[in-house]
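I opened this entry to keep track of what I looked up, one topic after another. The notes are meant for someone who has not seen this structure before.

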Amino acid sequence: METEALAMAQEIDFSLLALFARATLVVKLVMILLMAMSFWSWAIIIQKHILFRKARAEAAVFDRAFWSGEPLDELFDRIGPEPQGASEQVFAAGMLEWRRSHRQDGALIAGAQARIDRAMDVAIARESERLNHGLSFLATTGSTAPFIGLFGTIWGIKYSFEQIAISQNTSLAVVAPGIAEALLATGIGLIAAIPAVVAYNKLNADSERIQGNWESFADEFATILSRQLDS
């Protein structure tokens, strides 16, 4: 009897595609959801990697231009009304408010420093939101995917026990397929969660460094304008 059960188990196809095809509807939906979350997570990871690399490159180019000794008004005019990089956006916001703070006779309107700081803070917040967009999905995937996969596993094992009760047979041929299908859901959940968690931690740290550089530049630029205001 045991030999027959082992022979039947060996004839069962345990490939990933076969396990998915034999799974119950609920477990299939769980697997599809987890695969979609994993695909979308990798899309975000790749997109953010490209975006962060571009942001660092743009910041390096702008820093060289800013500290080259070129007059700020000329640099602002050269950048034009549509700045490209985030550093240029912050600089343009400060310079635009600086020019708006001058009256027709050349005198400054009161409270210019506070308005310049606020304009740059708004630009930083806007660029930071664009930089961090999508990271929350990685955090959600990393924290929920294992539990979604576990739900699929529990459901699959429940179905296996129901089949045992119906067939009154506890042989390996009856138990193994259902358990294998159930464990596949947990495996897919971990495959979705682990890269999402690692990428979120890395990208979040990179994002904080980039934002810190923007804030440092804004402080330095505000200090330069403050000296001109005091003079």
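**The aromatic cluster**

I began with the rings, and found that Phe 62, Phe 66, Trp 67, Phe 76, Phe 91, Phe 217 and Phe 221 form one aromatic cluster. I noted that this is a predicted model, in which local features need pLDDT of at least 70 and side-chain atom pairs count only at pLDDT 80 or more, while totals for chains, interfaces and linings use all residues. I also noted that residues are numbered from 1 along each chain as its sequence is written, and that side-chain values use heavy atoms, with hydrogens and water left out.

For pairing I used the rings of Phe, Tyr and Trp (its six-membered ring), which pair if their centres lie within 6.5 Å; planes under 30 degrees apart count as stacked, over 60 as edge-to-face and the rest as tilted. By that rule the structure holds eleven aromatic pairs. One of them joins Phe 91 and Phe 221, a tilted pair with 5.1 Å from centre to centre and 45° between the planes. Phe 91 lies in helix 5 and Phe 221 in helix 8 (residues 172–230), so this pair ties together parts that are 130 residues apart in sequence. Phe 217 and Phe 221 form a stacked pair, at 5.8 Å centre to centre and with 10° between the planes. These two residues are four apart in helix 8, and therefore separated by about one helical turn.

Phe 217, like Phe 221, is buried.

**The chain as a whole**

I looked up the elements next, taking helices (H or I, at least four residues) and strands (E, at least two) as DSSP runs numbered from the N terminus. The protein chain has eight helices and zero strands. Of its 231 residues, 39% count as buried. For contacts I took heavy atoms within 4.5 Å; among the contacts in the protein chain with a separation of 6 or more, 77% are between residues 24 or more positions apart.

**Single residues**

Ser 87 lies in helix 5 and is buried, with a relative accessible area of 8%. Leaving aside neighbours within four places in sequence, I found Ser 87 in contact with Ala 59, Phe 62, Trp 214 and Phe 217, and of these Phe 62 and Phe 217 belong to the aromatic cluster.

Leu 203 is found in helix 8 and is buried as well, at a relative accessible area of 6%. Beyond the neighbours within four places in sequence, Leu 203 is in contact with Ile 45, Lys 48, Phe 52, Leu 135 and Leu 138.

Thr 153 has its place in helix 7 (residues 135–167) and counts as buried at 6% relative accessibility. Setting aside its neighbours within four places in sequence, I listed Ala 182, Leu 183, Ala 185 and Thr 186 as the contacts of Thr 153.

Ala 57, in helix 3 (residues 25–66), is partly exposed, with a relative accessible area of 42%. Arg 126, in helix 6 (residues 112–132), counts as partly exposed at 44% relative accessibility.

I also checked for a charge over a ring, which requires NZ of Lys or CZ of Arg within 6 Å of the ring centre and within 35 degrees of the ring normal. Lys 158 lies over the face of Trp 155, at 4.5 Å from the ring centre.

**The largest pocket**

Last, I asked which residues line the largest pocket. The lining is made by Phe 76, Gly 80, Pro 81, Pro 83, Ala 92, Ala 93, Leu 96, Glu 97, Arg 100 and Ala 119. A pocket here is an open set of points on a 1 Å grid over the protein atoms alone, where a 1.4 Å probe fits, with protein on both sides within 12 Å along at least five of seven lines; lining residues have an atom within 4 Å of a point. Helix 5 (residues 86–100) gives the most to this lining, with five residues.

Technical notes:
Buried means under 20% relative accessible area, exposed over 50%, partly exposed in between (1.4 Å probe, protein chains only).
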